Amino acid sequence: MQTYEGLRFFLDGMLYMMALFSLLSYLQQRKAIYWQYALYIVCITFTFYLNDLDYGRVDYQPGTNYLISVLESLAFAMYISFAIQLIGIRESDPRSYRILRIMLLVLVIETVFESLLFLGGASNGIKSLSYTLFRFALAAGALVVVPRLLQLRQPVVSYFITGSLLFVAGCLLALFINYIPAIFTRSLDSPFSFPVTYMELGVVGEVLCFTLGMSLRNRENELEKIRVQQQLIEQLRENEQKQQKLLKIRDDIARDLHDELGADLASISMVSHAAVHQMNTNPALARQSLRQIGETARKVIRVMREIVWSLHSAHDSADHFVVRLRETAHTMFEHHPIQLHFDFGEDKATVPSFVRRDLYLIYKELLHNTLRHAEAKNVHIQFNATRDTIELSVQDDGCGFDITTCPPGNGLLSLRQRAKTLHGHLTIDSSATKGTLTSFTCPVLETSQ
(Lines give C-alpha, C1' and ligand atoms only; values in the text may rest on other atoms or scores of the structure.)
Protein backbone atom coordinates (compact mmCIF):
# COMPACT_ATOMS: atom_id res chain seq x y z
CA MET A 1 0.00 0.00 0.00
CA GLN A 2 3.09 2.21 -0.05
CA THR A 3 2.56 2.69 -3.80
CA TYR A 4 -0.13 4.58 -5.63
CA GLU A 5 -1.48 1.39 -7.24
CA GLY A 6 -1.70 -0.39 -3.85
CA LEU A 7 -3.57 2.49 -2.24
CA ARG A 8 -5.93 2.79 -5.19
CA PHE A 9 -6.70 -0.94 -5.14
CA PHE A 10 -7.59 -0.76 -1.45
CA LEU A 11 -9.76 2.35 -1.82
CA ASP A 12 -11.50 1.05 -4.97
CA GLY A 13 -12.35 -2.18 -3.12
CA MET A 14 -13.97 -0.23 -0.29
CA LEU A 15 -16.04 1.85 -2.69
CA TYR A 16 -17.19 -1.10 -4.77
CA MET A 17 -18.23 -2.96 -1.61
CA MET A 18 -20.34 0.03 -0.57
CA ALA A 19 -21.85 0.21 -4.05
CA LEU A 20 -22.78 -3.48 -3.80
CA PHE A 21 -24.25 -2.89 -0.34
CA SER A 22 -26.38 0.01 -1.65
CA LEU A 23 -27.59 -2.05 -4.61
CA LEU A 24 -28.59 -4.96 -2.35
CA SER A 25 -30.35 -2.50 -0.04
CA TYR A 26 -32.34 -1.23 -3.02
CA LEU A 27 -33.36 -4.78 -3.96
CA GLN A 28 -34.51 -5.30 -0.39
CA GLN A 29 -36.24 -2.00 0.32
CA ARG A 30 -37.07 -0.67 -3.17
CA LYS A 31 -36.03 2.89 -2.35
CA ALA A 32 -34.54 4.98 -5.15
CA ILE A 33 -31.98 6.53 -2.83
CA TYR A 34 -30.01 3.25 -2.76
CA TRP A 35 -29.62 2.67 -6.50
CA GLN A 36 -28.81 6.34 -7.04
CA TYR A 37 -26.07 6.17 -4.43
CA ALA A 38 -24.72 2.91 -5.92
CA LEU A 39 -24.63 4.54 -9.37
CA TYR A 40 -22.85 7.56 -7.90
CA ILE A 41 -20.12 5.39 -6.38
CA VAL A 42 -19.64 3.37 -9.59
CA CYS A 43 -19.46 6.51 -11.77
CA ILE A 44 -17.03 8.34 -9.51
CA THR A 45 -14.80 5.26 -9.13
CA PHE A 46 -14.71 4.71 -12.89
CA THR A 47 -13.69 8.34 -13.43
CA PHE A 48 -10.75 7.73 -11.10
CA TYR A 49 -9.67 4.83 -13.33
CA LEU A 50 -9.94 7.03 -16.44
CA ASN A 51 -8.00 9.79 -14.68
CA ASP A 52 -5.20 7.32 -14.04
CA LEU A 53 -5.00 6.65 -17.77
CA ASP A 54 -4.99 10.38 -18.51
CA TYR A 55 -2.12 11.02 -16.10
CA GLY A 56 0.12 9.00 -18.42
CA ARG A 57 -0.30 11.60 -21.12
CA VAL A 58 2.41 14.18 -21.45
CA ASP A 59 -0.04 16.96 -22.31
CA TYR A 60 -2.48 16.09 -19.47
CA GLN A 61 -4.93 18.80 -18.47
CA PRO A 62 -7.99 18.32 -16.23
CA GLY A 63 -11.34 18.31 -18.01
CA THR A 64 -10.06 17.45 -21.47
CA ASN A 65 -11.47 13.90 -21.40
CA TYR A 66 -15.11 14.14 -22.46
CA LEU A 67 -16.08 10.75 -20.97
CA ILE A 68 -14.66 11.69 -17.57
CA SER A 69 -16.60 14.97 -17.55
CA VAL A 70 -19.88 13.24 -18.43
CA LEU A 71 -19.41 10.52 -15.80
CA GLU A 72 -18.54 13.10 -13.15
CA SER A 73 -21.61 15.14 -14.03
CA LEU A 74 -23.80 12.04 -13.77
CA ALA A 75 -22.16 11.15 -10.44
CA PHE A 76 -22.74 14.65 -9.05
CA ALA A 77 -26.38 14.56 -10.21
CA MET A 78 -26.91 11.28 -8.32
CA TYR A 79 -25.14 12.80 -5.33
CA ILE A 80 -27.47 15.81 -5.23
CA SER A 81 -30.57 13.62 -5.66
CA PHE A 82 -29.32 11.39 -2.86
CA ALA A 83 -28.82 14.39 -0.57
CA ILE A 84 -32.32 15.74 -1.25
CA GLN A 85 -33.90 12.41 -0.29
CA LEU A 86 -31.66 11.64 2.69
CA ILE A 87 -32.25 14.94 4.48
CA GLY A 88 -35.70 15.77 3.12
CA ILE A 89 -34.41 19.16 1.99
CA ARG A 90 -37.47 19.96 -0.08
CA GLU A 91 -39.64 20.15 3.05
CA SER A 92 -37.09 21.24 5.66
CA ASP A 93 -35.25 23.97 3.69
CA PRO A 94 -36.96 25.01 0.42
CA ARG A 95 -34.24 27.59 -0.36
CA SER A 96 -31.46 25.00 -0.24
CA TYR A 97 -33.65 22.76 -2.34
CA ARG A 98 -33.86 25.48 -5.01
CA ILE A 99 -30.07 25.94 -4.92
CA LEU A 100 -29.57 22.20 -5.42
CA ARG A 101 -31.99 22.27 -8.34
CA ILE A 102 -29.93 25.08 -9.84
CA MET A 103 -26.81 22.96 -9.36
CA LEU A 104 -28.51 20.13 -11.25
CA LEU A 105 -29.28 22.62 -14.04
CA VAL A 106 -25.62 23.71 -14.04
CA LEU A 107 -24.60 20.06 -14.55
CA VAL A 108 -26.96 19.77 -17.52
CA ILE A 109 -25.64 23.03 -19.02
CA GLU A 110 -22.06 21.86 -18.48
CA THR A 111 -22.72 18.54 -20.21
CA VAL A 112 -24.33 20.30 -23.18
CA PHE A 113 -21.57 22.93 -23.38
CA GLU A 114 -18.74 20.41 -23.17
CA SER A 115 -20.48 18.26 -25.79
CA LEU A 116 -20.47 21.26 -28.12
CA LEU A 117 -16.78 21.88 -27.35
CA PHE A 118 -15.98 18.23 -28.05
CA LEU A 119 -17.95 18.17 -31.31
CA GLY A 120 -16.52 21.55 -32.35
CA GLY A 121 -12.92 20.45 -31.82
CA ALA A 122 -12.08 23.09 -29.22
CA SER A 123 -8.56 23.23 -27.82
CA ASN A 124 -7.63 21.40 -24.63
CA GLY A 125 -7.01 24.72 -22.90
CA ILE A 126 -10.60 25.88 -23.46
CA LYS A 127 -11.96 22.48 -22.38
CA SER A 128 -9.89 22.51 -19.19
CA LEU A 129 -10.90 26.09 -18.39
CA SER A 130 -14.59 25.29 -18.90
CA TYR A 131 -14.31 22.18 -16.73
CA THR A 132 -12.55 24.06 -13.94
CA LEU A 133 -15.05 26.94 -13.92
CA PHE A 134 -18.05 24.64 -13.76
CA ARG A 135 -16.46 22.61 -10.96
CA PHE A 136 -15.74 25.72 -8.93
CA ALA A 137 -19.35 26.84 -9.50
CA LEU A 138 -20.62 23.54 -8.09
CA ALA A 139 -18.24 23.80 -5.14
CA ALA A 140 -19.50 27.34 -4.46
CA GLY A 141 -23.10 26.09 -4.49
CA ALA A 142 -22.17 23.35 -2.06
CA LEU A 143 -20.49 25.85 0.26
CA VAL A 144 -23.70 27.92 0.26
CA VAL A 145 -25.96 24.96 1.01
CA VAL A 146 -23.82 23.35 3.72
CA PRO A 147 -24.12 26.17 6.33
CA ARG A 148 -27.88 26.33 5.76
CA LEU A 149 -28.23 22.61 6.35
CA LEU A 150 -26.26 22.95 9.59
CA GLN A 151 -29.05 25.16 10.91
CA LEU A 152 -31.56 22.31 10.56
CA ARG A 153 -29.99 20.60 13.58
CA GLN A 154 -31.08 17.15 12.47
CA PRO A 155 -28.87 14.22 13.57
CA VAL A 156 -28.65 12.83 10.04
CA VAL A 157 -27.50 16.24 8.74
CA SER A 158 -24.29 16.06 10.77
CA TYR A 159 -23.25 12.89 8.94
CA PHE A 160 -24.19 14.34 5.56
CA ILE A 161 -22.38 17.60 6.21
CA THR A 162 -19.24 15.84 7.38
CA GLY A 163 -19.25 13.60 4.31
CA SER A 164 -19.95 16.51 1.99
CA LEU A 165 -17.10 18.55 3.47
CA LEU A 166 -14.72 15.63 2.99
CA PHE A 167 -15.90 15.26 -0.60
CA VAL A 168 -15.62 18.99 -1.39
CA ALA A 169 -12.23 19.20 0.30
CA GLY A 170 -10.98 16.24 -1.73
CA CYS A 171 -12.21 17.76 -5.00
CA LEU A 172 -10.72 21.18 -4.26
CA LEU A 173 -7.39 19.65 -3.28
CA ALA A 174 -7.39 17.59 -6.48
CA LEU A 175 -8.00 20.72 -8.55
CA PHE A 176 -5.23 22.69 -6.83
CA ILE A 177 -2.75 19.82 -7.09
CA ASN A 178 -3.07 19.93 -10.88
CA TYR A 179 -1.54 23.42 -10.82
CA ILE A 180 1.27 22.78 -8.29
CA PRO A 181 4.14 21.10 -10.20
CA ALA A 182 6.15 20.40 -7.05
CA ILE A 183 3.39 18.05 -5.80
CA PHE A 184 1.84 16.93 -9.09
CA THR A 185 4.76 14.64 -10.03
CA ARG A 186 2.63 11.51 -10.73
CA SER A 187 5.25 9.26 -9.12
CA LEU A 188 3.97 5.73 -8.55
CA ASP A 189 5.99 5.50 -5.34
CA SER A 190 4.25 8.61 -3.97
CA PRO A 191 0.42 8.08 -3.83
CA PHE A 192 -0.23 11.69 -2.85
CA SER A 193 1.39 13.02 -6.00
CA PHE A 194 -1.80 12.07 -7.88
CA PRO A 195 -4.89 14.32 -7.60
CA VAL A 196 -7.17 11.26 -7.72
CA THR A 197 -5.83 10.15 -4.34
CA TYR A 198 -7.29 13.19 -2.64
CA MET A 199 -10.61 12.85 -4.44
CA GLU A 200 -10.91 9.16 -3.63
CA LEU A 201 -10.01 9.66 0.01
CA GLY A 202 -12.69 12.33 0.18
CA VAL A 203 -15.21 10.00 -1.43
CA VAL A 204 -14.30 7.13 0.93
CA GLY A 205 -14.78 9.38 3.95
CA GLU A 206 -18.01 10.64 2.44
CA VAL A 207 -19.29 7.09 1.82
CA LEU A 208 -18.60 6.09 5.41
CA CYS A 209 -20.42 9.16 6.73
CA PHE A 210 -23.34 8.67 4.37
CA THR A 211 -23.65 5.01 5.33
CA LEU A 212 -23.92 6.01 8.97
CA GLY A 213 -26.43 8.69 7.97
CA MET A 214 -28.58 6.20 6.07
CA SER A 215 -28.49 3.84 9.05
CA LEU A 216 -29.63 6.67 11.29
CA ARG A 217 -32.37 7.64 8.82
CA ASN A 218 -33.58 4.03 8.71
CA ARG A 219 -33.65 4.01 12.48
CA GLU A 220 -35.65 7.24 12.54
CA ASN A 221 -38.05 5.78 9.98
CA GLU A 222 -38.53 2.68 12.12
CA LEU A 223 -39.19 4.82 15.18
CA GLU A 224 -41.64 6.91 13.15
CA LYS A 225 -43.45 3.74 12.07
CA ILE A 226 -43.62 2.61 15.69
CA ARG A 227 -44.97 6.01 16.70
CA VAL A 228 -47.60 5.92 13.95
CA GLN A 229 -48.59 2.41 14.96
CA GLN A 230 -48.94 3.53 18.57
CA GLN A 231 -51.12 6.42 17.42
CA LEU A 232 -53.26 4.02 15.39
CA ILE A 233 -53.61 1.72 18.37
CA GLU A 234 -54.56 4.68 20.55
CA GLN A 235 -57.06 5.80 17.92
CA LEU A 236 -58.54 2.32 17.82
CA ARG A 237 -58.89 2.38 21.58
CA GLU A 238 -60.57 5.78 21.44
CA ASN A 239 -62.91 4.51 18.72
CA GLU A 240 -63.71 1.48 20.85
CA GLN A 241 -64.48 3.74 23.80
CA LYS A 242 -66.70 5.90 21.59
CA GLN A 243 -68.44 2.79 20.33
CA GLN A 244 -69.03 1.67 23.89
CA LYS A 245 -70.43 5.11 24.69
CA LEU A 246 -72.78 4.86 21.73
CA LEU A 247 -73.89 1.39 22.82
CA LYS A 248 -74.48 2.68 26.33
CA ILE A 249 -76.51 5.62 25.00
CA ARG A 250 -78.54 3.22 22.87
CA ASP A 251 -79.13 0.94 25.86
CA ASP A 252 -80.11 3.93 28.02
CA ILE A 253 -82.57 5.11 25.39
CA ALA A 254 -84.05 1.63 25.12
CA ARG A 255 -84.36 1.41 28.93
CA ASP A 256 -85.93 4.86 29.18
CA LEU A 257 -88.39 4.11 26.41
CA HIS A 258 -89.33 0.84 28.05
CA ASP A 259 -89.52 2.13 31.63
CA GLU A 260 -91.12 5.52 31.01
CA LEU A 261 -93.14 5.05 27.83
CA GLY A 262 -93.86 1.34 27.61
CA ALA A 263 -96.50 1.23 30.37
CA ASP A 264 -98.15 4.48 29.21
CA LEU A 265 -98.38 3.33 25.59
CA ALA A 266 -99.77 -0.02 26.71
CA SER A 267 -102.30 1.86 28.86
CA ILE A 268 -103.36 3.97 25.85
CA SER A 269 -103.84 0.81 23.83
CA MET A 270 -105.97 -0.90 26.50
CA VAL A 271 -108.03 2.17 27.38
CA SER A 272 -108.70 2.96 23.70
CA HIS A 273 -109.82 -0.64 23.17
CA ALA A 274 -112.19 -0.32 26.16
CA ALA A 275 -113.47 3.07 24.95
CA VAL A 276 -114.57 1.50 21.64
CA HIS A 277 -116.89 -0.88 23.51
CA GLN A 278 -118.03 1.83 25.93
CA MET A 279 -119.21 4.13 23.13
CA ASN A 280 -122.45 2.17 22.74
CA THR A 281 -122.97 0.90 26.28
CA ASN A 282 -121.77 3.76 28.48
CA PRO A 283 -120.91 7.02 26.63
CA ALA A 284 -120.03 8.85 29.86
CA LEU A 285 -117.47 6.23 30.79
CA ALA A 286 -116.16 6.32 27.19
CA ARG A 287 -115.58 10.10 27.48
CA GLN A 288 -113.72 9.54 30.74
CA SER A 289 -111.56 6.94 29.00
CA LEU A 290 -110.82 9.34 26.15
CA ARG A 291 -109.76 12.02 28.64
CA GLN A 292 -107.48 9.47 30.26
CA ILE A 293 -106.03 8.66 26.84
CA GLY A 294 -105.38 12.36 26.23
CA GLU A 295 -103.65 12.84 29.59
CA THR A 296 -101.50 9.77 29.04
CA ALA A 297 -100.60 10.90 25.50
CA ARG A 298 -99.52 14.31 26.80
CA LYS A 299 -97.40 12.59 29.41
CA VAL A 300 -95.79 10.45 26.68
CA ILE A 301 -95.09 13.57 24.60
CA ARG A 302 -93.53 15.30 27.62
CA VAL A 303 -91.30 12.32 28.38
CA MET A 304 -90.28 12.02 24.72
CA ARG A 305 -89.32 15.68 24.67
CA GLU A 306 -87.22 15.18 27.79
CA ILE A 307 -85.39 12.22 26.21
CA VAL A 308 -84.74 14.11 22.96
CA TRP A 309 -83.65 17.21 24.90
CA SER A 310 -81.22 15.24 27.04
CA LEU A 311 -79.52 13.75 23.95
CA HIS A 312 -79.44 16.73 21.61
CA SER A 313 -75.96 18.32 21.34
CA ALA A 314 -77.48 21.78 20.81
CA HIS A 315 -78.40 21.81 24.52
CA ASP A 316 -74.89 21.20 25.83
CA SER A 317 -74.42 24.68 27.27
CA ALA A 318 -75.03 25.27 30.97
CA ASP A 319 -77.38 28.14 30.06
CA HIS A 320 -79.75 25.76 28.27
CA PHE A 321 -79.59 23.34 31.17
CA VAL A 322 -80.47 25.90 33.87
CA VAL A 323 -83.42 27.10 31.77
CA ARG A 324 -84.65 23.51 31.76
CA LEU A 325 -84.11 23.21 35.51
CA ARG A 326 -86.10 26.40 36.13
CA GLU A 327 -88.99 25.36 33.85
CA THR A 328 -89.22 21.90 35.42
CA ALA A 329 -89.32 23.29 38.95
CA HIS A 330 -92.03 25.85 38.10
CA THR A 331 -94.11 23.18 36.35
CA MET A 332 -93.91 20.70 39.23
CA PHE A 333 -94.67 23.27 41.99
CA GLU A 334 -97.15 25.32 39.95
CA HIS A 335 -100.20 24.33 42.04
CA HIS A 336 -98.46 24.22 45.43
CA PRO A 337 -97.82 27.07 47.90
CA ILE A 338 -94.05 26.65 47.84
CA GLN A 339 -91.62 29.48 47.21
CA LEU A 340 -88.77 28.59 44.82
CA HIS A 341 -85.29 30.14 45.15
CA PHE A 342 -82.71 29.64 42.39
CA ASP A 343 -78.96 30.13 42.56
CA PHE A 344 -77.39 29.29 39.22
CA GLY A 345 -73.73 29.97 38.48
CA GLU A 346 -72.83 32.18 35.52
CA ASP A 347 -70.01 29.96 34.18
CA LYS A 348 -70.24 29.34 30.45
CA ALA A 349 -69.29 25.67 30.78
CA THR A 350 -71.07 22.81 29.06
CA VAL A 351 -73.23 19.98 30.34
CA PRO A 352 -72.56 17.20 27.80
CA SER A 353 -75.22 14.69 26.84
CA PHE A 354 -73.56 11.78 28.67
CA VAL A 355 -74.12 13.76 31.91
CA ARG A 356 -77.28 15.69 31.14
CA ARG A 357 -79.80 12.84 31.06
CA ASP A 358 -78.94 11.23 34.40
CA LEU A 359 -78.32 14.61 36.06
CA TYR A 360 -81.73 15.83 34.98
CA LEU A 361 -83.43 12.67 36.27
CA ILE A 362 -81.61 13.08 39.61
CA TYR A 363 -82.91 16.63 39.75
CA LYS A 364 -86.49 15.57 38.99
CA GLU A 365 -86.39 12.84 41.60
CA LEU A 366 -85.15 15.32 44.22
CA LEU A 367 -87.98 17.76 43.40
CA HIS A 368 -90.50 14.90 43.37
CA ASN A 369 -89.41 13.72 46.83
CA THR A 370 -89.60 17.27 48.15
CA LEU A 371 -93.08 17.71 46.72
CA ARG A 372 -94.37 14.43 48.15
CA HIS A 373 -92.77 14.27 51.59
CA ALA A 374 -91.21 17.55 52.72
CA GLU A 375 -94.30 19.77 53.34
CA ALA A 376 -91.92 22.68 52.81
CA LYS A 377 -92.59 26.36 52.33
CA ASN A 378 -89.29 27.19 50.62
CA VAL A 379 -87.09 25.22 48.25
CA HIS A 380 -83.59 26.43 47.38
CA ILE A 381 -82.05 25.08 44.17
CA GLN A 382 -78.38 25.61 43.42
CA PHE A 383 -76.50 24.60 40.26
CA ASN A 384 -72.98 25.34 39.14
CA ALA A 385 -71.04 23.88 36.17
CA THR A 386 -67.35 24.36 35.53
CA ARG A 387 -64.98 22.83 33.02
CA ASP A 388 -64.19 19.96 35.40
CA THR A 389 -67.02 19.67 37.91
CA ILE A 390 -70.80 19.86 38.10
CA GLU A 391 -72.56 20.67 41.40
CA LEU A 392 -76.31 20.42 42.12
CA SER A 393 -78.16 20.81 45.42
CA VAL A 394 -81.82 20.97 46.52
CA GLN A 395 -82.64 22.22 50.03
CA ASP A 396 -86.06 22.58 51.69
CA ASP A 397 -87.30 23.81 55.05
CA GLY A 398 -89.77 20.95 55.46
CA CYS A 399 -90.27 18.26 58.03
CA GLY A 400 -87.17 16.25 57.15
CA PHE A 401 -86.50 12.67 58.19
CA ASP A 402 -83.99 10.51 60.02
CA ILE A 403 -81.87 9.00 57.28
CA THR A 404 -80.38 6.40 59.68
CA THR A 405 -83.73 4.81 60.51
CA CYS A 406 -85.72 5.48 57.34
CA PRO A 407 -85.56 2.45 54.98
CA PRO A 408 -84.32 3.38 51.50
CA GLY A 409 -87.08 3.36 48.91
CA ASN A 410 -86.92 2.96 45.15
CA GLY A 411 -86.42 6.69 44.70
CA LEU A 412 -83.34 6.82 46.92
CA LEU A 413 -81.91 3.67 45.37
CA SER A 414 -82.44 5.19 41.90
CA LEU A 415 -80.66 8.38 43.00
CA ARG A 416 -77.62 6.46 44.24
CA GLN A 417 -77.51 4.33 41.11
CA ARG A 418 -77.53 7.35 38.80
CA ALA A 419 -74.92 9.08 40.95
CA LYS A 420 -72.71 6.00 40.61
CA THR A 421 -73.23 6.02 36.84
CA LEU A 422 -71.92 9.59 36.70
CA HIS A 423 -68.97 8.76 39.01
CA GLY A 424 -70.43 11.36 41.33
CA HIS A 425 -70.97 11.79 45.08
CA LEU A 426 -74.47 12.11 46.59
CA THR A 427 -74.95 13.38 50.15
CA ILE A 428 -78.23 13.73 52.08
CA ASP A 429 -78.41 15.79 55.26
CA SER A 430 -81.83 15.81 56.89
CA SER A 431 -83.41 16.43 60.28
CA ALA A 432 -86.84 17.34 61.62
CA THR A 433 -85.73 20.85 62.58
CA LYS A 434 -83.84 22.05 59.51
CA GLY A 435 -85.37 20.17 56.61
CA THR A 436 -83.40 18.29 53.98
CA LEU A 437 -80.32 19.20 51.95
CA THR A 438 -79.34 16.88 49.10
CA SER A 439 -76.11 17.65 47.25
CA PHE A 440 -74.60 16.00 44.22
CA THR A 441 -71.22 16.57 42.58
CA CYS A 442 -69.59 14.75 39.65
CA PRO A 443 -66.34 15.22 37.70
CA VAL A 444 -67.08 15.85 34.02
CA LEU A 445 -63.76 14.55 32.66
CA GLU A 446 -63.88 11.26 34.59
CA THR A 447 -67.49 10.77 33.60
CA SER A 448 -66.64 11.21 29.91
CA GLN A 449 -63.85 8.66 30.19
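A residue is called buried when its relative accessible area is under 20%, exposed when that area is over 50%, and partly exposed in between (1.4 Å probe, protein chains only). Phe383 is buried by this rule, with a relative accessible area of 4%. Phe321 is buried too, at 0% relative accessibility.

A word on the model itself. It is predicted: local features need pLDDT of at least 70, side-chain atom pairs count only at pLDDT 80 or more, and totals for chains, interfaces and linings use all residues. Residues are numbered from 1 along each chain as its sequence is written, and side-chain values use heavy atoms, with hydrogens and water left out.

Start with the overall layout. The protein is divided into domain 1 (4–220) and domain 2 (315–448). Their bounds come from an automatic or database domain assignment. Taken over C-alpha atoms, the centres of domain 1 and domain 2 are 80 Å apart.

Next come the helices. Helices (H or I, at least four residues) and strands (E, at least two) are DSSP runs, numbered from the N terminus. The expected span of a helix is 1.5 Å times one less than its number of residues. Helix H1 (residues 4–29) has 26 residues and should span 38 Å; its end C-alpha atoms are 37 Å apart, which agrees. The buried residues of H1 include Leu7, Leu11, Leu15 and Met18. An α-helix has 3.6 residues a turn, so residues three or four places apart point the same way.

What follows H1? Arg30 does, and its phi is positive, near 55°. Arg30 is a residue other than glycine. It sits in the loop between H1 and H2. At 58% relative accessibility, Arg30 counts as exposed. The charged end of Arg30 sits over the ring of Tyr26, 5.6 Å from its centre. Such a contact requires NZ of Lys or CZ of Arg within 6 Å of the ring centre and within 35 degrees of the ring normal.

Now look at helix H5 (residues 94–120). Its 27 residues reach 39 Å from first C-alpha to last, close to the 39 Å expected. Among its buried residues are Tyr97, Ile99, Leu100, Met103, Leu107 and Glu110. The cover over the buried residues of H5 includes helix H3 (66–87), helix H4 (89–92) and helix H6 (124–150), where contact means heavy atoms within 4.5 Å. Just after H5, Gly121 takes a positive phi of about 70°.

In an unreviewed entry, UniProt places "transmembrane region" at several stretches, including residues 99–119 and 192–216. Residues 99–119 are 100% helix and 0% strand, with end C-alpha atoms 30 Å apart. Residues 192–216 are 88% helix and 0% strand, and their end C-alpha atoms lie 33 Å apart. UniProt (unreviewed entry) also places "coiled-coil region" at residues 219–246. That span is 100% helix and 0% strand, with its end C-alpha atoms 40 Å apart.

Aromatic rings come next. Rings of Phe, Tyr and Trp (its six-membered ring) pair if their centres lie within 6.5 Å; planes under 30 degrees apart count as stacked, over 60 as edge-to-face and the rest as tilted. The count comes to eleven aromatic pairs. Why is the pair of Tyr37 and Phe210 tilted? Their ring centres are 5.8 Å apart and their planes are at 45°, so the pair is tilted. Tyr37 lies in helix H2 (residues 32–55) and Phe210 in helix H8 (residues 195–281), so the pair ties together parts that are 173 residues apart in sequence. Both Tyr37 and Phe210 are buried. Phe321 and Phe383 form another tilted pair, 5.1 Å centre to centre with 45° between the planes. Phe321 is in helix H10 (residues 318–332) and Phe383 in strand S2 (residues 378–385), 62 residues apart. One aromatic cluster is formed by Tyr37, Tyr40, Tyr79, Phe82 and Phe210.

Finish in the loops. Asn178 is found between helix H7 (155–177) and H8. It is buried, with a relative accessible area of 15%. Asn178 and Tyr60 are 118 residues apart in sequence, but 9.4 Å apart in space, C-alpha to C-alpha. His423 lies in the loop between helix H12 (410–421) and strand S4 (425–431). Its phi is positive, about 55°, although His423 is not a glycine. His423 is partly exposed, with a relative accessible area of 41%.

Technical notes
UniProt positions renumbered as here; feature names shortened; annotations may be inferred.
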